[in-house]
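Reader: I would like to learn how to read a helix and a sheet. Can we work through an example together?

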Amino acid sequence: MSYNRKKTKVVNVGGVFIGGDNPISVQSMTNTDTRDSKSTIDQIHRLEHSGCDLVRIAVPDMEAAKQISEIKRNISIPLIADIHFDYRLALEAVNQGIDAIRINPGNIGDLERTKSVVDACKKNNLPIRIGVNGGSLEKSLLAKYGSPTPEAMVESALNHIKILESLDFEDIVISLKNTDIIKTVEAYRLMSQKVDYPLHLGVTESGGIKKGTIKSSIGVGSLLVDGIGDTIRISLTGDPIEEIGVAKEILRSIGLLNDKIKIISCPTCGRCNIDLIKLAGEVEKRVESIDSNMTVAIMGCAVNGPGEAREADIGIAGGDKMGLLFKKGEIYKKVPQEEIVDTLLSEINIMKEEI
């Protein structure tokens with residue numbers, strides 16, 4: 001697949017570089033009470049184990065802000081403070097050692113307050129994410145556009161950007177999130193044409209695991225295929241660990257992450273003479289822990305199997321109580337049905353070493 005990613009400025013968030021040619025990073029946000037540092041640290045450890053690159057915490061008050069240093073001491077990925085309205089929380093977060101701040105400069109009072117936050121971030125080389133959300137757009141823009149349209153969201157972001165740029169600050173990341181997929185995609189496409197700052201992608205309040213995964217895959221996936229986006233967060237109602245799995249699978253599906261074996265399998269039909277559903281499930285489970293840039297095909301019959309999966313590195317096409325093992329679309333050998341999984345796994349491990 002041809003993939004032409006837009007080149008954006010590079011921003012350093014606690015050692016994770018966002019933008020430019022850097023890998024697209026995966027983010028999440030804790031849903032613990034930040035004032036409870038132990039629970040927050042425990043959840044971040046789970047996120048780290050799941051492959052999260054950066055994590056954001058809510059900072060609703062000064063008590064939460066004062067827990068940042070304790071949380072930072074006990075985690076190994078960069079920490080971002082999510083702050084609304086109160087510039088003093090941003091200043092305390094900087095003092096506590098935060099790696100980046102999410103705050104909209106137009107919403108924290110007069111220019112002097114904004115300048116105090118910008119000066120603190122400059123002194124500590126901390127980026128600021130401008131996070132525009134369709135549900136909290138400025139009243140003046142809602143009056144102008146009638147609703148949180150893509151144009152309204154982009155204008156909001158540009159207004160915030162102008163404030164930071166007027167203070168000689170350009171260490172900026174931008175997000176433009178909406179619950180509406182089309183509005184989200186259009187807003188990011190429009191913004192991508194106007195600025196070169198890195199973009200943080202996401203569909204906000206997308207729903208539970210199933211519906212949220214579908215909405216986010218369409219929205220975030222569309223933008224990534226366009227070459228737009230430098231870091232992503234999949235917002236799901238549930239355990240934030242689920243967000244990491246979905247985000248990484250989106251990246252794998254587009255070919256932007258090659259850390260795991262990719263499985264392709266047919267939906268089965270009346271020609272299928274083996275229990276393909278069980279077979280595919282077992283293979284998926286057993287290759288989950290294998291780190292290799294390889295595509296494995298599990299196909300139901302020998303009529304179209306090898307041909308349809310010609311781009312796969314290795315695979316199985318079902319026959320009558322047996323399977324045809326093939327590599328790169330060419331039949332390699334026949335395997336009895338009861339030996340298919342073990343034989344396929346053995347060949348996968350051999351091929352992994354060759355790779």
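Reader: Which residues of H10 are buried?

Author: This is a predicted model. Begin with the general idea. An α-helix has 3.6 residues a turn, so residues three or four places apart point the same way. Now the case here. The buried residues of H10 include Ile244, Val246, Ala247, Ile250, Leu251 and Ile254. Ten of the 14 residues are buried, and H10 is mostly covered.

Reader: What covers the buried residues of H10?

Author: Helices and strands both take part. Among them are helix H1 (37–50), helix H9 (209–225) and strand S3 (25–29). Strand S10 (231–233) and S11 also belong to the cover.

Reader: How far apart are the end C-alpha atoms of helix H10?

Author: They are 21 Å apart. At 1.5 Å a residue, the 14 residues of H10 (241–254) should span 20 Å, so the two values agree. Just after H10 comes Gly255, with a positive phi of about 90°.

Reader: Now the sheet. What is the order of its five strands?

Author: The general idea again. Strands of a sheet pair through backbone hydrogen bonds, either parallel or antiparallel. Here the order is S11-S12-S13-S14-S15, in an open sheet with mixed pairing. Strand S11 (262–265) and strand S15 (330–336) are the edges, each pairing on one side only. On average, neighbouring strands of this sheet are turned by 20° against each other, direction ignored.

Reader: How many bridges join strand S14 to S15?

Author: Six, and the two strands run antiparallel. S14 covers residues 322–327.

How values were computed: Residues are numbered from 1 along each chain as its sequence is written. This is a predicted model: local features need pLDDT of at least 70, side-chain atom pairs count only at pLDDT 80 or more; totals for chains, interfaces and linings use all residues. Side-chain values use heavy atoms; hydrogens and water are left out. Two strands pair if DSSP finds at least two bridges between them. Helices (H or I, at least four residues) and strands (E, at least two) are DSSP runs, numbered from the N terminus. Axes are lines fitted to C-alpha atoms, for helices over the stretch in contact, and angles run from 0 to 180 degrees between N-to-C directions. The expected span of a helix is 1.5 Å times one less than its number of residues. Buried means under 20% relative accessible area, exposed over 50%, partly exposed in between (1.4 Å probe, protein chains only). Contact means heavy atoms within 4.5 Å.
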